[in-house]
Amino acid sequence: MSVNKIIIIFIVILLIFFGVLYFQFSKNNVPKSKVTINSHTFSVNSATTSAQQQQGLSGIKSLPQDQGMLFVFDTTAKYPFWMKGVNFPLDIIFIRDTKVVSIVQNAPAPKSGETDFPTYQPTAPVNKVLEINAGLVKKYDIKQNDEVTIKLAQ
């Protein structure tokens, strides 16, 4: 077998390998769960473990317009949220079962070097929290007591 054929076979194998990796990782980054409020549906990633909840949206550069992160807790409580490591402002929607309990609009991203982060808490105990881009609560007229439908991916 000539050197040229070996190089071509090697390149083809590499392309197949990287193609499989690309499709595997791009598929996993697409939010699979859905949250609907006022006939508007957000595609969300779910944070159900303590590690996922601590990471939240920290470190990502931006969030597509109709996507978000849904924090799902096993018990109902007044969970405090902060914006450490978040690079853009958020609307935070606190949910108990299928109702909006309270809302924080336009929670600002921390300034560079900031170490004292404000916390945001619901007005009553909740078991879910939805974080979306700032301004969407106003845009979609989301209010306290609005009905929420959640479809978690399996």
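Three salt bridges turn up in a search of the whole structure. The model is a predicted one. One of the bridges joins K99 to E147. D141, K143 and D146 form a network of such contacts.

**Salt bridge K99–E147**
- The closest N and O atoms of K99 and E147 are 3.0 Å apart.
- K99 sits in strand β6 and E147 in the loop between α3 (136-139) and β9 (148-151), so the contact ties together parts 48 residues apart in sequence.
- Both ends are partly exposed: K99 has 37% relative accessibility, and E147 has 42%.

**Salt-bridge network**
- D141 meets K143 with closest N and O atoms 3.5 Å apart.
- K143 also pairs with D146, at 3.9 Å from N to O.
- D141 is partly exposed at 47% relative accessibility, as is K143 at 39%.
- D146 has a relative accessible area of 10%, so this residue counts as buried.

**Strand β5 and its partners**
- Strand β5 (residues 90-96) has six of its seven residues buried, so the rest of the structure largely encloses it.
- Six bridges pair β5 with β6 (residues 99-107) in the antiparallel sense.
- R96 stands opposite K99 of β6, the residue that also contacts E147.
- Two residues separate β5 from β6 in a hairpin, and D97 in the turn has a positive phi of about 55°.
- β5 also runs antiparallel to β8 (residues 126-133), joined by six bridges.
- I95 has K128 in β8 as its bridge partner.

**Nonpolar surface patch**
- M1, I6, I9 and I13 make a nonpolar surface patch of about 450 Å².
- I9 belongs to helix α1 (residues 3-28).
- I9 is partly exposed, with 42% relative accessibility.

Note on methods
Residues are numbered from 1 along each chain as its sequence is written. This is a predicted model: local features need pLDDT of at least 70, side-chain atom pairs count only at pLDDT 80 or more; totals for chains, interfaces and linings use all residues. Side-chain values use heavy atoms; hydrogens and water are left out. Buried means under 20% relative accessible area, exposed over 50%, partly exposed in between (1.4 Å probe, protein chains only). Helices (H or I, at least four residues) and strands (E, at least two) are DSSP runs, numbered from the N terminus. Two strands pair if DSSP finds at least two bridges between them. Patches are made of residues with over 30% relative accessible area and no salt bridge: like charges are joined within 9 Å, nonpolar side chains (Val, Leu, Ile, Met, Phe, Trp, Tyr) within 5 Å. Accessible areas come from the Shrake-Rupley method with a 1.4 Å probe; for residues, only the protein chains shown count as cover. A salt bridge is a side-chain nitrogen of Lys or Arg within 4 Å of a carboxyl oxygen of Asp or Glu.
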